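Please look over the sequence and the model below. The briefing that follows takes up the nonpolar core, the sheet and the helix in turn.

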Amino acid sequence: MNLEGFELKTKEEPYGINIIYNLEIEQDYEETVIYNGTFLLSLIQNADWINFNFGELE
């Protein structure tokens with residue numbers, strides 16, 4: 001799983017982040033969502049939501 005990019009949604013409240021991952025193989029990504037979501041929400045004080053997009057496997 002590789003980070004492909006991210007997009008900040010800051011034009012209107014609630015503010016958020018879209019994070020796009022590129023999945024190379026099928027894997028369990030629940031742990032990634034928990035750790036990264038907790039980390040980002042604790043560091044970015046005005047972020048209200050995070051959307052994780054894991055794309056589709058070929």
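In this predicted model, the largest nonpolar core has eight residues, namely Ile 17, Ile 19, Tyr 21, Leu 23, Ala 47, Ile 50, Phe 52 and Phe 54. Such a core is a set of buried Ala, Val, Leu, Ile, Met, Phe, Trp, Tyr and Cys residues joined through side-chain atoms within 4.5 Å, where buried means under 20% relative accessible area, exposed over 50% and partly exposed in between (1.4 Å probe, protein chains only). Residues are numbered from 1 along each chain as its sequence is written. Local features need pLDDT of at least 70, side-chain atom pairs count only at pLDDT 80 or more, and totals for chains, interfaces and linings use all residues, while side-chain values use heavy atoms, with hydrogens and water left out.

**Sheet**
- Three strands form an open sheet with mixed pairing, in the order E1-E2-E3, two strands being paired if DSSP finds at least two bridges between them.
- Strand E1 (2-9) and E3 stand at the edges with a single partner strand each, so one side of each is left without a neighbour in the sheet.
- E2 and E3 run parallel and are joined by five bridges, and Gly 16 stands opposite Trp 49 in E3.

**Helix**
- Ile 34 lies in helix H1 (residues 30-43) and is partly exposed, with a relative accessible area of 48%.

Key
Helices (H or I, at least four residues) and strands (E, at least two) are DSSP runs, numbered from the N terminus.
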